[in-house]
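The following exercises concern a single protein chain.

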Amino acid sequence: CDSNIHEPCCPMAAARCYVSVDRAHKPHFLWVVVLELLLLCQGSVPAAVYECTGRTLIVAPAKGMGLNNQLNVIVRALFSGIVTQRRVCVNGFAPHFKSGNKIPINQILDLQSMNEELALIPNGSLGIAVASPEAISRSTCLIMPIYKNSEPPTKCDSGRPKLQTVNLQLEYPSQCPNVPDQLPDVLCYLVLGALSAKPHLQLSSGNPLNVKTAESAEHKPLLLHLYRTLRFHPKFYAAVRSIRTRNAIRDGERYSAVHLRVEDDWLRWLHWQYRRNLFKRNMADGTDAACKLTNNRAHHRCDPMSMEDHDVHYLTAYLNFLGAHLPREGPMFVISGIGKGGSPQRAAFVIPILKTLFPNLITPTQSSPPKGAAFSGRELMAILDFLLAQQSSHFGGMGASTFSLNVGQHMPEAQVHMFGMLAYLNSTIRGYDPFLMVRGSPVCIADAYQAVHPQTRPRGCGQNWQANPAVPRNKPPALLRKSP
């Protein structure tokens, strides 16, 4: 179980790992006991290269999905395949979230290794395969929005408008319960008699994300096991070994990794979450009325942070969290899109600050793919980052990021340090904080920000400020106020 999903390995060993994990969760499945009995056998599982035949469930990623949402689509489809006794056929992988172009899934995942492990689930999975044009042409297209209040697609991702198309919410309006603020569970539709009888079902792009049943306490151990059956194409493991060797990390040597999610799109999303959360809290406790009554703009909850202020506040809160929870010594990989062609200005001030916290820092540029390797595409490079992070001995991540969450699911809980969304939102309510503690001394992130964004001036710090000497060493600081 120590190796998690570092590289394709003996499926029997992986199944033993699953049984031990499931025991810790007090198993609810009879098949877990059967699986444990199977482990007593020393036979091997035959090679499993499956075709998209038999009863199939065809799925595809939606445009705009990054690596981890695409993996979530596949894993939840596998869960649905077990429940409905269908083979999952994947119609491509998007190498870049902004592009509609796709490449075959067998260039991304090692389907044979995955099928060998999926076969160990008794009466369970019928496996995973590449979606074939023949199966797609015979399928029934089931459409539903991916998100609440969004428009449903008009067809499935096959590009064949002549397919029989079923709008699930219109044709089955009352069969599946509608939870407030959520779409109905797609799995509920898949087991309806009228649809269950059809041999080939195709879900509109991204819809396995709405398989909510998989998240229940009863089924979570199975969902976690399915995540751990993911195996990438061998070329990705070879590239990761090359990156470790290039940075003088020997096989078996321990290192840490931090997911530095500070790209522009993420910070815009977090700023929106902050303003939404602030508005809800101000309305709930009367602060909004008080702000309007007194016109008191000095109170931080009456004066929402700008994008630049919020940028500095988020970095301060997150970097203080990482400094307090991750070991300062030993190699530290920075997993991030900055420095790899994205957000170069932000890299110019964040990376030096991180180096003061973690002296043996390995930057995103230093962990780029080997020269000549064919990894063009944001999501292909994200696979390398995923494996580097998942193989670390300590990982720091952001709890609202699907990348961080999926890495954490493949590691022992004690090695994962997640900055939760609630902790982040609570930090915004306490007010603006531009100070980071480094070896007991405060560093002003706002000053570093302005050095590379000369046209922007975040609040706080400046040339004349005085640190609070009472702040304890290596602990996230309380709100520090600049002197007059």
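**Exercise 1.** Does Thr 428 count as buried or exposed, and at what relative accessibility?

*Solution.* The model is a predicted one.
Step 1. Buried means under 20% relative accessible area, and exposed means over 50%.
Step 2. Thr 428 has a relative accessibility of 2%, so this residue counts as buried.
Step 3. Its position in the fold is helix H17, which covers residues 421-429.
Step 4. The side chain of Thr 428 comes to 2.6 Å from the backbone oxygen of Leu 425.
Step 5. Setting aside residues up to four places away in sequence, Thr 428 touches Tyr 274, Asn 277, His 300, Met 305 and His 313.

**Exercise 2.** Describe the protein chain as a whole by its secondary structure, burial, contacts and accessible surface.

*Solution.* Step 1. The secondary structure amounts to 18 helices and 13 strands.
Step 1. The chain has 484 residues, of which 54% count as buried.
Step 2. Among contacts with a separation of 6 or more, 76% join residues 24 or more positions apart.
Step 3. The accessible surface is about 21,800 Å², and carbon and sulfur atoms hold 55% of this area.

**Exercise 3.** How many residues of helix H3 are buried, and what span does this helix reach?

*Solution.* Step 1. Helix H3 runs over residues 67-84, a total of 18 residues.
Step 1. From first C-alpha to last, H3 reaches 26 Å, close to the 26 Å expected at 1.5 Å a residue.
Step 2. Of the 18 residues of H3, 16 are buried, so the helix is largely enclosed by the rest of the structure.
Step 3. Just after H3 comes Gln 85, with a positive phi of about 55°. Gln 85 belongs to the loop between H3 and strand E2 (87-90).
Step 4. The relative accessible area of Gln 85 is 33%, so this residue is partly exposed.

**Exercise 4.** Carry out the corresponding analysis for helix H13, and then examine the backbone at Ala 248.

*Solution.* Step 1. H13 comprises residues 307-325, which is 19 residues. Its reach from first C-alpha to last is 27 Å, close to the 27 Å expected at 1.5 Å a residue.
Step 1. Because 15 of the 19 residues of H13 are buried, this helix is largely enclosed by the rest of the structure.
Step 2. Ala 248 sits in the loop between helix H10 (234-246) and strand E7 (256-259). Its phi is near 60°, a positive value in a residue other than glycine.
Step 3. With 60% relative accessibility, Ala 248 counts as exposed.

**Exercise 5.** Which residues have the most contacts inside the largest nonpolar core, and between which domains does this core lie?

*Solution.* Step 1. The largest nonpolar core contains 74 residues, and those with the most contacts inside it are Ile 108, Leu 226, Phe 232, Phe 236 and Phe 333.
Step 1. Helix H3 gives the most to this core, with 9 residues.
Step 2. Domain 1 (56-146 + 183-231) and domain 2 (235-285 + 305-419) both give residues to the core, so it lies between them.
Step 3. Leaving aside neighbours within four places in sequence, Ile 108 is in contact with Phe 93, Ile 103, Phe 232, His 233, Phe 236, Leu 380 and Ile 383.
Step 4. Apart from this core lies another, of 46 residues, among them Val 334, Ile 338, Phe 349 and Val 438.

**Exercise 6.** How far apart in sequence and in space are Leu 183 and Lys 148, and Thr 363 and Phe 333?

*Solution.* Step 1. Leu 183 occupies the loop between helix H6 (168-171) and helix H7 (186-190). At 6% relative accessibility, Leu 183 counts as buried.
Step 1. Leu 183 and Lys 148 are 35 residues apart in sequence, and their C-alpha atoms are 5.8 Å apart in space.
Step 2. Beyond neighbours within four places in sequence, the contacts of Leu 183 include Met 144, Pro 145, Ile 146 and Asn 210.
Step 3. Thr 363 lies in the loop between strand E9 (361-362) and helix H15 (378-390), and with a relative accessible area of 11% Thr 363 is buried.
Step 4. Thr 363 and Phe 333 are 30 residues apart in sequence and 6.4 Å apart in space, C-alpha to C-alpha.
Step 5. Not counting residues up to four places away in sequence, Thr 363 touches Val 334, Ile 351 and Lys 355.

Methods. Residues numbered from 1 in each chain as written. Predicted model: local features only at pLDDT ≥ 70, side-chain atom pairs only at ≥ 80, totals over all residues. Heavy atoms only, no water. Helix = DSSP H or I, 4+ residues; strand = E, 2+ residues; numbered from the N terminus. Buried < 20%, exposed > 50% of the residue type's maximum accessible area, 1.4 Å probe, protein only. Polar contact = N/O pair within 3.5 Å; in protein donor to acceptor, adjacent residues only side chain to side chain. Contact = heavy atoms within 4.5 Å. Expected span 1.5 Å × (residues − 1). Areas by Shrake-Rupley, 256 points an atom, 1.4 Å probe, with all protein chains shown as cover. Core = buried A, V, L, I, M, F, W, Y, C linked by side-chain atoms within 4.5 Å. Domains from an automatic or database assignment.
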